[in-house]
Amino acid sequence: MAAPQHYDAIIIGAGQAGTPLARALAQSGRRTALIEREHVGGTCINEGCTPTKTMVASARVAYLARRGADYGVQTGPVTVNMAKVRQRKREIVDSFRNGGQRRIEQTEGVDLLFGTASFRDAKTVDVAMNDGSTRQLSADLSFINAGARPSIPGVEGIDDVPYLNSTTIMELDAVPEHLLVIGGGYIGLEFGQMFRRFGSRVTIVQRSARLLAREDDDVADEVASILRQDGIDVLLETEARVSRATPTAQFA
C-alpha cells in the first residue's frame with residue numbers, strides 16, 4: 001500500500017465546530033483534511049435548528065390563520081400541505097448547506113473529503129470514500145467532530161412497530177392524525193406543538209411529574225399549561241409501552 005497522504009491536521013465531521021476549525025487551521029498555514037460522511041453543516045443545519053425552526057414558522061402561520069377571527073380577520077378553513085412545508089424546509093437547508101460547502105471548497109489549504117473515517121493508529125486515518133474508493137491519511141493533529149444523532153428510548157415493544165425520530169418526522173408528507181410523543185424534553189415539546197398547530201391530535205407522555213426536568217418547576221408548569229391550551233394531551237407520571245398484539249401504544 002502506498003504511504004499515507006500527510007496533512008498537518010485531520011478533522012472528522014464538517015459540522016458547526018469542524019468547519020470553522022478547518023478554515024482557521026488552513027488560514028494559519030496548516031494543511032487540513034476535513035472528512036464528512038454525509039453533508040456539510042452538521043446537525044444544526046441539516047437535522048436541528050435550521051429545519052425545525054423553518055417548520056415551526058409554517059406551523060405558526062397555520063396557528064395564526066386559525067385565530068384570525070380573534071383579531072377581527074375573517075378566514076376560511078385552514079389546511080396544511082405538508083409536502084410544501086417539507087419542500088420549503090429542504091430548500092432552506094440546501095441553501096445553508098451549499099453555502100457552507102462552497103466556503104470550505106474555496107478555502108486554500110483545506111481538502112474536503114466525503115467518506116467514513118476510521119483510525120488505523122493514533123496518527124493514521126482510513127477513509128472509505130462515498131464513491132467507493134479508499135484513502136489513507138496521516139497527521140500529527142486529529143479532531144473528532146462527529147455530531148449528534150437521535151437516541152431511541154428503551155420502550156418495551158418499540159422495535160416491533162414503525163416509529164419516527166427527530167430526523168425522520170421532518171420528512172413526513174402528510175399531517176398525522178394522531179402523534180404520540182414519548183418524552184417531555186425540549187425537542188419532543190417542539191415537535192408536539194408544531195404538529196398540533198399543523199392539525200394533528202397530539203399526546204405527550206412523560207415519566208416524571210413535570211415536563212422539562214431541567215427547568216424550574218414554575219417554568220415547567222407554565223409550559224404544560226400552554227400546551228394544554230393548544231389542545232395537547234399531556235400525560236405526566238406515565239409510562240408508555242407498545243402492545244405486541246396490535247401496533248398501538250398503551251399507558252400505565
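Which residue lies over the face of Tyr 63? Let's find out in these close-up views of a predicted model.

**View 1. Arg 197 sits above a ring.** Here, Arg 197 lies over the face of Tyr 63, at 3.8 Å from the ring centre.

**View 2. Two Phe rings form an aromatic pair.** The structure has one such pair. The ring centres of Phe 195 and Phe 198 are 5.4 Å apart and their planes meet at 80°, so this pair is edge-to-face. Both residues belong to helix H5 (residues 186-198), where they are three residues apart, about one turn of the helix. Phe 195 and Phe 198 are both buried.

**View 3. Lys 89, Arg 90 and Glu 171 join in a network of salt bridges.** Side chains of opposite charge can pair when their charged atoms come close. Between Lys 89 and Glu 171, the closest N and O atoms are 2.5 Å apart. Lys 89 is buried, with 5% relative accessibility, whereas Glu 171 is partly exposed at 33% and Arg 90 is partly exposed at 31%.

View 4. With a relative accessible area of 10%, Gln 206 is buried. Beyond its neighbours within four places in sequence, Gln 206 is in contact with several residues, including Gly 183, Leu 211, Leu 235 and Thr 238.

Terms used. Residues are numbered from 1 along each chain as its sequence is written. This is a predicted model: local features need pLDDT of at least 70, side-chain atom pairs count only at pLDDT 80 or more; totals for chains, interfaces and linings use all residues. Side-chain values use heavy atoms; hydrogens and water are left out. Rings of Phe, Tyr and Trp (its six-membered ring) pair if their centres lie within 6.5 Å; planes under 30 degrees apart count as stacked, over 60 as edge-to-face and the rest as tilted. Helices (H or I, at least four residues) and strands (E, at least two) are DSSP runs, numbered from the N terminus. Buried means under 20% relative accessible area, exposed over 50%, partly exposed in between (1.4 Å probe, protein chains only). A charge sits over a ring if NZ of Lys or CZ of Arg is within 6 Å of the ring centre and within 35 degrees of the ring normal. Contact means heavy atoms within 4.5 Å. A salt bridge is a side-chain nitrogen of Lys or Arg within 4 Å of a carboxyl oxygen of Asp or Glu.
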